[in-house]
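This briefing goes through one protein chain for a reader who has not seen it before. Please keep the sequence and the 3D view open while reading.

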Amino acid sequence: MSRIGKLPINIPKGVEVKVVGNQVAVKGTKGSLQQKIDDAISVKVDSDVVSFSRNSELKDVKAKHGLYRALVNNMIIGVSTGYKTQQELVGVGYKAIVSGQKLELTLGFSHHILFELPPEVKISAAQEKGKNPIITIESSDKQLLGQVAAKIRSLRKPEPYKGKGIKFVNEVLRRKAGKSAATAAKA
């Protein structure tokens, strides 16, 4: 049996889980989310526990067993506590300005970049003197949050020599020595 799929999910206070056919709907203080479940996986909601079972031992069905359990668990955590990620803009003159659901980035290009955010995502930008600007992204949907964060990071990926670009806070980058190190080794 799937090690992840067989684990029951405890439903915290203030979260409501409903199963209608093969659709799971989760509602909480931070919002509501829905997920379609494969027909091979059955979902059972008791008073405060959600459990998953499968009707076949095929490899594909075993993989989906753990997958859907993890997706529903992420939905429950998202609507109760939410998800948050932070990104740091490393580079001289790099700026981030938030106005409503639009993020305006200055990333060393000849033009500003306007990034429109989905309504489920909240964003804020902070700039302290002498430190790099930090973008904070929050959402109840973990998948959407990761997708938005990856899209913002792709606008200017960190380069390996100076580390300039958009990186996640606490992300460790592999740095290269560069040309000066090679000439110093010859001497």
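Phe109 lies in the loop that runs from β9 (102-106) to β10 (113-116); strands and helices here are DSSP runs numbered from the N terminus, with at least two residues (E) for a strand and at least four (H or I) for a helix. The model is a predicted one, in which local features need pLDDT of at least 70 and side-chain atom pairs count only at pLDDT 80 or more, while totals for chains, interfaces and linings use all residues. Residues are numbered from 1 along each chain as its sequence is written, and side-chain values use heavy atoms, with hydrogens and water left out.

**Phe109 and its surroundings**

- With a relative accessibility of 35%, Phe109 counts as partly exposed, because that class lies between buried (under 20% relative accessible area) and exposed (over 50%), using a 1.4 Å probe and protein chains only.
- Beyond its neighbours within four places in sequence, Phe109 is in contact with Leu155 and Arg156, where contact means heavy atoms within 4.5 Å.
- Phe109 is 76 residues from Leu33 in sequence, and their C-alpha atoms are 37 Å apart in space.

- Strands β9 and β10 pair in the antiparallel sense over four bridges; two strands pair if DSSP finds at least two bridges between them.
- Leu105 has Ile113 of β10 as its bridge partner.
- Six residues lie between the two strands of this hairpin, and Gly108 takes a positive phi near 85°.
- In a regular strand the side chains alternate between the two faces of the sheet.
- Ile113 and Phe115 make up the covered face of β10, whereas Leu114 and Glu116 make up the uncovered one.

- Strand β2 (residues 16-20) pairs with strand β3 (residues 23-28) in the antiparallel sense, over five bridges.
- Val24 in β3 stands opposite Val19.
- Two residues lie between the strands of this hairpin, and Gly21 has a positive phi near 65°.

**Two other residues**

- Asn170 sits in the loop between β13 (165-168) and α3 (179-186).
- The phi of Asn170 is near 70°, which is a positive value in a residue other than glycine.
- Asn170 is exposed, and its relative accessible area is 73%.
- Arg54 belongs to strand β6 (residues 49-54), and it is buried at a relative accessible area of 15%.
- Arg54 and Gln143 are 89 residues apart along the chain, and 24 Å separates their C-alpha atoms.

**The chain as a whole**

- The chain contains three helices and 13 strands.
- Its radius of gyration is 22 Å, well over the 16 Å that the globule rule gives for 187 residues, so the chain is more spread out than a compact globule. The radius is taken over C-alpha atoms, and the rule is 2.2 Å times the number of residues to the power 0.38.
- The C-alpha trace spans about 70 × 45 × 25 Å along its principal axes.
- Of the 187 residues, 35% count as buried.
- Among contacts between residues at least 6 apart in sequence, 53% join residues at least 24 apart.
- The accessible surface is about 11,900 Å², and 52% of it belongs to carbon and sulfur atoms; the areas come from the Shrake-Rupley method with a 1.4 Å probe, and for residues only the protein chains shown count as cover.
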